Amino acid sequence: MLDIKFIRENKDLIKFGAEKKHINFDVEELVKIDDERLSIRKEGDELRAKQNSASTKMGNPNLSQEERQSILEEMKTVKEDLKKIEEKEIPVMNSWHKLMLAVPNIPDMSVPEGTSDADNMEIRKWGEIKSFDFTPLDHIEIMEKQDMVDFERGTKTSGFRGYFLKNDGAMLEMALWQYAMQKWQAKGFTPMLVPSLVKRETLLGTGYLPQGEDDLYKDDQDYLAGTGEVATMYYHSGEVLENLNEPKKFIAWSPCFRKEAGSHGKDVKGLIRVHEFYKCEQVVLCSASHEESVRLHEELTRNAEEMMEELNIPYHTVVNCGGDLGLGQVKKYDIEAWVPSQNKYRETHSSSYFHDFQTRRLNIRYKDVDGKLRYAHSLNNTALATPRMLTIIVENYQQADGTIKVPEVLVPFMGGKRVIGVPIR
RNA sequence: GGAUAGGUGGCUGAGUGGUCUAAAGCAACAGUCUUGAAAACUGUCGUCUGAGCAAUCGGACCGUGAGUUCGAAUCUCACCCUAUCCGCCA
């Protein structure tokens, strides 16, 4: 959500932003509705002012009966007029709220033009793509042969995209978690295990609703969040934060649930795309400064790249084009890891900043150095998502005999184990 | 799920249906005093919003939403949340 005053004063920017994001949004319609809102509001305010001054007079015990009667008569008509105005206000406010939730945030100047992820631009590349002197297997085959995963019983239990992780498949994933949580805690992030079961407001506040309804599991009241960002951002909702000179940084772990509506044909096998997975998210609240947001955005991105380098996974980082940005995002980087079996990079991290788009909806403010209350800025980036990262490690670390080398940094978390599995060829 | 008690400003906490533009305290900020600080004293001090160059003036906000009334923080109803007890239960 953006400030209505800002929207009114910067209609061209809003139009430009919507076009760059390839989102249909009619600013003129919003301004028209807002004009109505203001004029109705003014009418109502004037009547209420009358009511208030009459009420003050009525409070005077020395008031004569006649005066009392005449005020009562007058206020009866005022009351009726006010009721009419309030009825007129309801539909106007409904459309106003609906439109306000649909206003896209304005992308940064440095965001490239484009309509889809095909137009994203590579800005960094790291690591040497391994050339195997044998034919590399995909993670499905290796992991099934090493009894690290069971898809058959997974789908028997959960249906499409179901899975069980087993043996060192389970242990390697837990090792990744230990490693990641410790790494981010050492960087000053507050570790949290956050709820996935959340109320509707949390998803409205973070900007996943109203437009993302189809991709969410839900019952009458509760939703299962697709990312820990939702609960973590809601954690401070409605609060005035005491001190935001130092940004608040969270490293939030949670199960994540996604229906993956519209991607039924993609990644139909394996652990790349599943309905239920786990993710550790970097979530940051900082002061309302564009420079601070940009600085932290680079920092969050760099944190994730550093992890990829420690794991020795070849990756590249892309800056997402306008058409690949969400409603609230100002700018986004995706980090994509090399997947040998697919001979291409696949997304493992998504790093974005929002300015005050989310915090306005969530009402997260802080007292600035000048004593003013301001909406904080928010950012987030993946730290680690499994089992996707598991598949990337398994594929990149596979050896000629079908065993899997354990990445050096994970060895301590695997109880000293350096190789997973038994020779299968 | 049942019973009871509650939800008031950054925090604690008063508030008989009519100057509530919400008492008081704490915290914060400024000043006096002091070499400096603390203490003490004095003063300032809610948020959002409309009009205005401005001083200023108007409106909204006491968990949320309806209702009663000329007028609601205060009365009624529904819902949400919190605490305690009981029930059920990993």
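Analyst: Happy to. One cut-off to begin with: the expected span of a helix is 1.5 Å times one less than its number of residues. Keep in mind that this is a predicted model.

User: Okay, so what span should helix α10 have, and how far apart are its end C-alpha atoms?
Analyst: Helix α10 covers residues 290-310, which is 21 residues, so it should span 30 Å. Its end C-alpha atoms are 30 Å apart, which agrees.

User: Nice. Which residues in α10 are buried?
Analyst: The buried ones in α10 are S293, L296, H297, L300, T301, N303, A304, M307 and M308. Looking down the axis of α10, these buried residues fall within an arc of 140°, so they line one face of the helix.

User: Why would residues three or four places apart point the same way?
Analyst: An α-helix has 3.6 residues a turn, so residues at that spacing point the same way.

User: And what is exposed on the other side of α10?
Analyst: E291 and E306 are exposed there.

User: What covers the buried residues of α10?
Analyst: The cover includes helix α7 (167-186) along with strands β10 (276-286), β11 (315-319), β12 (331-339), β13 (344-353) and β16 (377-386).

User: Let's step off the end of α10. Which residue just after it takes a positive phi?
Analyst: That is N312, with a phi of about 60°. N312 is in the loop between α10 and β11.

User: Why does N312 count as partly exposed?
Analyst: N312 has 16 other C-beta atoms within 10 Å, and a residue would need 20 or more to be buried, or 12 or fewer to be exposed.

User: What does N312 touch, leaving aside neighbours within four places in sequence?
Analyst: N312 is in contact with G127 and P407. As for G326, it is 14 residues from N312 in sequence and 30 Å away in space, C-alpha to C-alpha.

User: Switching topic: how many residues surround RNA strand B?
Analyst: There are 19, and the closest are A49, N52, M58, G59 and M75. The elements giving two or more residues to that surface are α3 (27-58) and α4 (65-102). The largest share, 11 residues, comes from α3.

User: How many of the residues near RNA strand B are charged?
Analyst: Six are charged, alongside eight nonpolar and five polar.

User: Last one: how many helices and strands does chain A have?
Analyst: Chain A has 12 helices and 18 strands. Its C-alpha trace spans about 105 × 45 × 40 Å along the principal axes, and 40% of its 425 residues count as buried.

How values were computed. Residues are numbered from 1 along each chain as its sequence is written. Chains are lettered from A and ligands numbered from 1 in the order in which they are written. This is a predicted model: local features need pLDDT of at least 70, side-chain atom pairs count only at pLDDT 80 or more; totals for chains, interfaces and linings use all residues. Helices (H or I, at least four residues) and strands (E, at least two) are DSSP runs, numbered from the N terminus. The arc is that of the directions from the helix axis to the C-beta atoms. Two residues are in contact if their C-beta atoms, placed from the backbone, lie within 7 Å. A residue is near a molecule or strand if its C-beta atom, placed from the backbone, lies within 6 Å of it. Ala, Val, Leu, Ile, Met, Phe, Trp, Tyr, Cys and Pro count as nonpolar, Asp, Glu, Lys and Arg as charged, and the others, Gly among them, as polar.
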